[in-house]
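Please look through the sequence and the structure below. The paragraphs that follow go through them part by part.

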Amino acid sequence: MSPTPTALERLVNPAGLPTLGLELPLDNDWGSTRLRADRAAGRPFGVPDLTRHTELAHLADTLGFASLWVRDVPLYDPEQFGDAGSVFEAFTHLGYLAAVTERAVLGTGAIVLPLRQPLLVAKAAATVDVLSGGRFVLGLASGDRPVEYPLFGEDFQARGATFRKNVAILRTAWAGRPNGEGISPPGIGLGVDRDLEVLPKPTGRSIPLVIAGHAQQSAEWIAKNADASLNYPRPLGALRLRTREWQQLTEGAPKPYLTPMQLDLTEDPAIPATAIRLGLRSGGEALVHHLREMGRLGVSHVSFNLRPSDRPVEEVLQELAETVLPHFPSPHVATATGTDSAA
């Protein structure tokens, strides 16, 4: 009997085609029609409508999307950033999604690690992992909003060093007490004499760690300490350079390269792909071609952010499932019973 694949392995198709997921919130609040309506009604920009979030997440899971990702935006900043992200607190939201989905991998894209107490992150992440039956991927970032750091008692300029320290604490907390010894490397704060541990433990040896962007680290450090790289989309020429670098750095032990992408899917499938901010406006035919090229360059997984679209989210999900997903199958589908079947 073959071993059960990890959550990260479920996002990788050995055939070299990217698997496809979704970034929450499943809303179209950045579309031009919705923007006009929100302005007329006095609703704030960047705060999505979450009234159907359960229904749409369940639909996406049922349709066969490989993943659902949530963002970590600790504080809504309407003046400087104007984007509340997924709104809900990330781990709380994922614990809920673990109960209303059965197949999709659940991921964070990404937790701002320097702003969080790492032992509590370790506990929250392991909790989601266990509740979802091993369907969890922990994406981590160093953060890019300076205004947040003093409010959390952290130094924005020192966030790179804090990030490295906290990653080490996560790994150690999940590993537990090898040979009966307490988990007390320097800085973790747990004493050997008390045999303190963080529970629950992950369903596997560890929780897959995905590092978003550079996180104030060198490419070499990320290649050594992450299980995958998460990077915003680039034109295919620039993407080729980035994925080639990642492949060279991880040549001895290949690791996935993941990309979130904003998508405005047009009703006419023949519309050619054109660039929008951090993504594409495209018909289905050109989108399939573009995704094949991304896979050829080494992208293992693409997650769509549908907020720039004017079309109803449910309509877009159905069209993607009927015309795009069949070209990019997921090799493993996690079922409610924890077994796996070919997609």
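Phe88 sits in the loop between S2 and H3; helices (H or I, at least four residues) and strands (E, at least two) are DSSP runs, numbered from the N terminus. The model is predicted: local features need pLDDT of at least 70, side-chain atom pairs count only at pLDDT 80 or more, and totals for chains, interfaces and linings use all residues. Residues are numbered from 1 along each chain as its sequence is written, and side-chain values use heavy atoms, with hydrogens and water left out.

With a relative accessible area of 35%, Phe88 is partly exposed, a class between buried (under 20%) and exposed (over 50%), using a 1.4 Å probe and protein chains only.

Next comes helix H3, residues 90–100, where Ala90, Phe91, His93, Leu94, Leu97 and Ala98 are buried. Seen down the axis of H3, these buried residues fall within an arc of 155°, so they line one face of the helix; the arc is that of the directions from the helix axis to the C-beta atoms. Thr92 and Ala99 are exposed, on the face of H3 turned away from its buried side. The cover over the buried residues of H3 includes helix H2 (53–63), strand S3 (105–108) and helix H4 (118–131), where contact means heavy atoms within 4.5 Å.

Arg10 lies in the segment before strand S1 (19–23). What is the relative accessibility of Arg10? The value is 3%, so Arg10 counts as buried. A polar atom of the Arg10 side chain is 3.2 Å from the backbone oxygen of Gly134.

How values were computed
A polar contact is a pair of N or O atoms within 3.5 Å; within protein, one must be able to donate a hydrogen and the other to accept it, and residues adjacent in sequence count only if both atoms are side-chain atoms.
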